[in-house]
Amino acid sequence: MNLRPKHYVGLLDRYRDRLPVTPDMRIISLVEGNTPLIPLEKLSREAGHEVQIFAKFEGLNPTGSFKDRGMTMAVTQAVHEGTRAIICASTGNTSAAAAAYAARAGVRAFVLIPEGKIALGKLAQAMIQGAVVVQIEGNFDDGMRIVKEMADAAPIAIVNSINPYRLQGQKTAAFEIVDELGRAPDYHCIPVGNAGNISAYWVGFSEYAGIKPRTAACGFCAEVCRFPQPAVTDSRPIMLGYQAAGSAPFVRGGPVEHPETVATAIRIGNPQSWDLAWAAVRESGGWVDECTDEEILQVQKLLAEREGVFCEPASAIAVGGLLRDIARGKIKPGSLITCTLTGHGLKDPDTAIKQSHSGVLRIPAQTDAVKRAILERM
Ligand code: F0G
């Protein structure tokens, strides 16, 4: 008898055969995953070269970013091991997800965030969900260093993406893309900050193609992930990573000491998954490039205005970099391309409002005045 519920109950259930999930685990879930793959029809047409571009809108996860995929797996494992507290450094989204899943599990969350450089929505999430929020007078990289030292000193589980269970959860986004399209895309575009997500997607795409990637992440898979499972597709995409120009260690070839960008989610100078990300890019025949803050904001607005998709600045970079690479002739004509939009635009209302002031009219509260204003703009 099949005792599994028929409706969707989260990615640990849906992909349990390919994840380190055991029957005795208490699953900590907010019914994350199963996010839409939205065709960007106008942008595809305007980009030309007969490309088809889809956005995997991860902003529609329960806490508004892709982090929920990794957090359900990492917190489930931490609770299974008897952990009473979790800790992370974060530019915002990880802290929001950690706080939510800790609340769900009934464990304590400690989150270290860079002072003054975190989008308002993310801070609100961590605070209301009961995490202990520690603002440090430093950046994400400082926070990461401290977290690693803390975990050596106290019985507390790190839930940053250096926790391999995070990557295991996050690889399911690649599974969903292939399941939805019925094949692997030709290219996959993704923002790169701490570099965990690009590594996780590569593991996911590789596993679905029945190929063991040469990355260390899959060394870990071999132990806990019941690989190999049957292949679902016969190809893998070329992986394209994009970084903000002021925070682009992969483009510079080494750590950036004082990272800066309007895309605060990826304001990271010393990514932890350096080797895994390089392996993913090289093994797939892809590349990492950068976008300026201006380009990032322009594309964020373009996605919102032309496609009705409101993502945060860090997410827009995936589409921004892609459109530029198409224009430069670097993408094969006729390609099927997917882009991960990692977080929801509502995370960072300040940045959205700042660049949209021209859309707001101030007029007297009189019907005539409103009528005139509308008719002038029809
Ligand atoms: N996009 C968003 C919206 C993010 O929040 C992050 C990372 C990334 C992209 C980059 O992903 O680190 O796996 O390369 N945010 C982390 C955080 C660092 O603390 O929320 P990555």
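At what angle do helix α9 and helix α12 pack, and how far apart are their axes? Helix α9 (residues 196-208) and helix α12 (residues 274-284) pack at an angle of about 50°, and their axes are 8 Å apart. This is a predicted model: local features need pLDDT of at least 70, side-chain atom pairs count only at pLDDT 80 or more, and totals for chains, interfaces and linings use all residues. Residues are numbered from 1 along each chain as its sequence is written, and side-chain values use heavy atoms, with hydrogens and water left out.

**Helix pair α9 and α12**

- The two helices are therefore oblique to each other (angles under 35 degrees count as roughly parallel, over 145 as roughly antiparallel, 65 to 115 as roughly perpendicular, the rest as oblique).
- Axes are lines fitted to C-alpha atoms, for helices over the stretch in contact; angles run from 0 to 180 degrees between N-to-C directions.
- Helices (H or I, at least four residues) and strands (E, at least two) are DSSP runs, numbered from the N terminus.
- From α9, the contact (heavy atoms within 4.5 Å) uses I198, S199 and W202.
- From α12, the contact residues are L276, A277, A279, A280, V281, E283 and S284.

**Four-stranded sheet**

- Four strands form an open sheet in the order β5-β4-β3-β6, with parallel pairing (two strands pair if DSSP finds at least two bridges between them).
- β5 (132-136) and β6 (157-158) stand at the edges with a single partner strand each, so one side of each has no neighbour in the sheet.
- Strand β3 (residues 85-89) pairs with β6 over two bridges; in β6, A157 is the bridge partner of I86.
- Helix α5 (residues 120-128) packs on this sheet and touches β4 (108-114) and β5; its direction makes about 140° with that of β5.
- Helix α6 (residues 140-153) lies across β3, β4, β5 and β6, at about 150° to β3.

**Six-stranded sheet**

- A second open sheet has six strands in the order β1-β2-β10-β7-β8-β9, with mixed pairing.
- β1 (37-39) and β9 (287-291) are the edge strands, each pairing on one side only.
- The twist averages 25° from one strand to the next.
- Strand β8 (residues 238-244) and β9 run parallel, joined by five bridges; D289 in β9 is the bridge partner of Y242.
- Helix α8 packs on this sheet, touching β1, β2 (52-57), β7 (187-191) and β10 (336-341).
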